[in-house]
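Thank you all for coming; I would like to take a few minutes to walk through some side-chain packing, so please keep the model open as I speak.

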Amino acid sequence: MGSQGLTVQVRGLGAGGDGVATLPDGRAVFIPRTAVGETVRISIETDRKRGARGRLLEVLAPAPDRREPPCTAYAQCGGCQLQHLTYDAQLAAKGTRIADALSRIGGIQTELIDVLPSPHPLGYRSRLRFHLQRGRAGVVTAGFHRHSRPGTLVDIKDECLVIDEALQVAWQGLRGGWGAEARLLPRGPSLELLLRSVTGGVGLTVIGGSRWRDADALLEAVPAVDAIWWRPEGDRELVWIGGAKTLKEVWNSEELELGGSGFLQANKEAATTLWDLLVR
């Protein structure tokens, strides 16, 4: 392939949201941030016998479903995969993916599946996992893995559009309250920070790190966080660190008490719609 790249036409979307095209030798190439029907110019990043992964250089003929993504970090961030498509196109892509899975895995042939829209296409997640890395000279990067280089992070300083308002406030509070070099968090080169908002407040579960000197100081510095749990590096057990020991959630008229390891669907309104369909 020359320095000008390779021109291909996108014929479908893969399970992870990447566009799928065919190389001149017949192999499939997966290209993030492309749409079905587009003609694009790409470079090959990963080349294997069974297929390749490409990088989008230029959209030569855009699809009607392409739009400007609402998130300013989307060009690099791997947290979302379909923001470059209109919401109707996102729903159609998910329906095609389900029908394809039923056919390939289950042997069930079905017509195109209609996917019910979420009540809120953005701001719907009540649970999200952020990643934190400490680099040289005390530099702290916190956010999501890059879609093109998963070993590095995109620093999410401003709002993340997919999380709900309570998590927005908590994330901004954490970033402003953990101090220089994130000193109020456990020590270690990398951490996972799981935030969850429920009726009773916001819980923080920290995964990783070897020592936590003063978690109470973090709770005091970040009033938007109501409870903290921690699983130290190499341990399997989650321990309560401070704040409330459980947080109350109301789910389909039932009251639940959740700890740091409890799980509920991240999109509460969509999960309620699914529940109503199943129990009718």
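A charge is said to sit over a ring if NZ of Lys or CZ of Arg is within 6 Å of the ring centre and within 35 degrees of the ring normal. By that rule Arg33 lies over the face of Tyr74, at 3.8 Å from the ring centre, and the charged end of Lys245 sits over the ring of Trp240, 4.9 Å from its centre.

Before going further, this is a predicted model, in which local features need pLDDT of at least 70 and side-chain atom pairs count only at pLDDT 80 or more, while totals for chains, interfaces and linings use all residues. Residues are numbered from 1 along each chain as its sequence is written, and side-chain values use heavy atoms, with hydrogens and water left out.

Arg33 and Tyr74 are also among the residues that His84 touches (contact means heavy atoms within 4.5 Å), not counting residues up to four places away in sequence. His84 is buried, with a relative accessible area of 2%, where buried means under 20% with a 1.4 Å probe and protein chains only.

Turning to the aromatic rings, Phe, Tyr and Trp (its six-membered ring) pair if their centres lie within 6.5 Å, with planes under 30 degrees apart counted as stacked, over 60 as edge-to-face and the rest as tilted. The count comes to four aromatic pairs. One of them, Phe130 with Trp171, is stacked, at 3.8 Å centre to centre and 5 degrees between the planes. Trp171 is buried, with a relative accessible area of 0%, and pairs edge-to-face with Trp178, at 5.9 Å and 80 degrees. Ring pairs link Phe130, Phe144, Trp171 and Trp178 into a cluster.

Note on methods: Buried means under 20% relative accessible area, exposed over 50%, partly exposed in between (1.4 Å probe, protein chains only).
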